[in-house]
Amino acid sequence: MKIAIWQAQSSYCDYDANLVRLSRALQQAKAQQAELLITPEMFMSGYVLRHHLPALADSFPLTALQALAREQQMAMVITGPLAENGNIYNAAWLISDQGDVLAVYRKTHLFGELDKQQFTAGNEPVCIARYKGLNIAMLICYDVEFPETVRAAARAGAHLIAVATAQMKPFTFVNQHLIATRAWENQLYVAYVNQIGSEQHLEYVGQSLVAAPDGSVISQASEAEELLLCAEIDPSRVASAQRNNPYLKDLRTDIL
């Protein structure tokens, strides 16, 4: 499957504007024969929401996003706040090209005081769905910095980890080194899709990328440019890499 990663900056607290921009990105991805578009963390709303958060969570435009997926005939990983059972989560939805919600992931590892003040942590570390022959797992930002999260998805059969992020300075090490390592040590694809620009006190670092099962970077964005990049995801390459580099098979699960 060809996927598209869209490095972009949210229109702050403006669902209507972000829906328009998302529609254009879906059209661009479809024109490049991609079948799935992955967006940055909290793209639909912006990230530093504070007192805006409850209203934005209650009005999250899921129905409009599903209609957009059907209209454009494009699947997407889309992100924003989720209000559920009195809690608000930092969430990602996998929506099919028919507008069906295939999976919803709630960020499990909250980074810093901002995350902890705004959101409740999710409790399901593995969120995986099958779409057109591809096993897609979702993580959000800080989650991928824990090796256990990617390993759990790999052991559950993931071919691709879709990571929506809002990575900021000074943490460029994650983009430049850690993501490729996660792909290598689990022999799968990792798509890491970042915001750009600045938002209140945060300065995002861009550098979105897709890393392959051998640890090579097959798509890489710059630090500041809004950009849509494509990459081929091949499940057979995952199977081959796991045969040739058998970390998962050789892991001592009896003692670890």
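Phe111, Tyr142, Phe146 and Phe171 form one aromatic cluster, where rings of Phe, Tyr and Trp (its six-membered ring) pair if their centres lie within 6.5 Å, planes under 30 degrees apart counting as stacked, over 60 as edge-to-face and the rest as tilted. The model is a predicted one, in which local features need pLDDT of at least 70 and side-chain atom pairs count only at pLDDT 80 or more, while totals for chains, interfaces and linings use all residues. Residues are numbered from 1 along each chain as its sequence is written, and side-chain values use heavy atoms, with hydrogens and water left out.

The structure holds 7 aromatic pairs. One of them joins Tyr142 and Phe146 in an edge-to-face arrangement, at 4.9 Å centre to centre and with 75° between the planes. Tyr142 is partly exposed at 23% relative accessibility, and Phe146 is partly exposed at 26%; here buried means under 20% relative accessible area, exposed over 50%, and partly exposed in between (1.4 Å probe, protein chains only). Another pair consists of Trp184 and Tyr247, whose ring centres are 6.3 Å apart and whose planes stand at 90°, so this pair is edge-to-face as well. This pair links distant parts of the chain, since Trp184 lies in helix 6 and Tyr247 in helix 8 (residues 247–250), 63 residues apart. Helices (H or I, at least four residues) and strands (E, at least two) are DSSP runs, numbered from the N terminus. Trp184 is partly exposed at 38% relative accessibility, and Tyr247 is partly exposed at 35%. An aromatic ring also takes part in a contact with a charge: the charged end of Arg106 sits over the ring of Tyr89, 5.9 Å from its centre. The criterion is that NZ of Lys or CZ of Arg is within 6 Å of the ring centre and within 35 degrees of the ring normal.

The interior can be described through its nonpolar cores, each a set of buried Ala, Val, Leu, Ile, Met, Phe, Trp, Tyr and Cys residues joined through side-chain atoms within 4.5 Å. The largest has 50 residues, and those with the most contacts inside it are Ile3, Leu36, Leu160 and Ile161. Strand 7 (residues 134–140) supplies the largest share of this core, 6 residues. A second, separate core of 41 residues includes Ala29, Leu37, Tyr47 and Trp93. Leu36 touches, among others beyond four places in sequence, Met1, Ile3, Met74, Val77, Ile136 and Leu160, contact meaning heavy atoms within 4.5 Å.

Strand 3 (residues 75–84) is mostly covered, with 8 of its 10 residues buried. Strand 2 (residues 36–38) runs parallel to strand 3 and is joined to it by 3 bridges; two strands pair if DSSP finds at least two bridges between them. In this pairing Ile38 stands opposite Val77. Strand 4 (residues 87–95) runs antiparallel to strand 3, with 9 bridges between them, and Gly80 stands opposite Ala91. The hairpin of strand 3 and strand 4 has 2 residues between the strands, and Asn85 there takes a positive phi near 55°.

Several loop residues deserve a separate description. The peptide bond from Lys169 to Pro170 is cis, with omega near 10°, and Pro170 is found in the loop between strand 8 (160–164) and helix 6. Glu223, in the loop between strand 13 (217–220) and strand 14 (227–232), is in contact with Lys169, Gln7 and Ile196, among others beyond four places in sequence. Glu223 is partly exposed, with a relative accessible area of 38%. Gln200 has a positive phi of about 50° although it is not a glycine, and Gln200 is exposed, with a relative accessible area of 52%.
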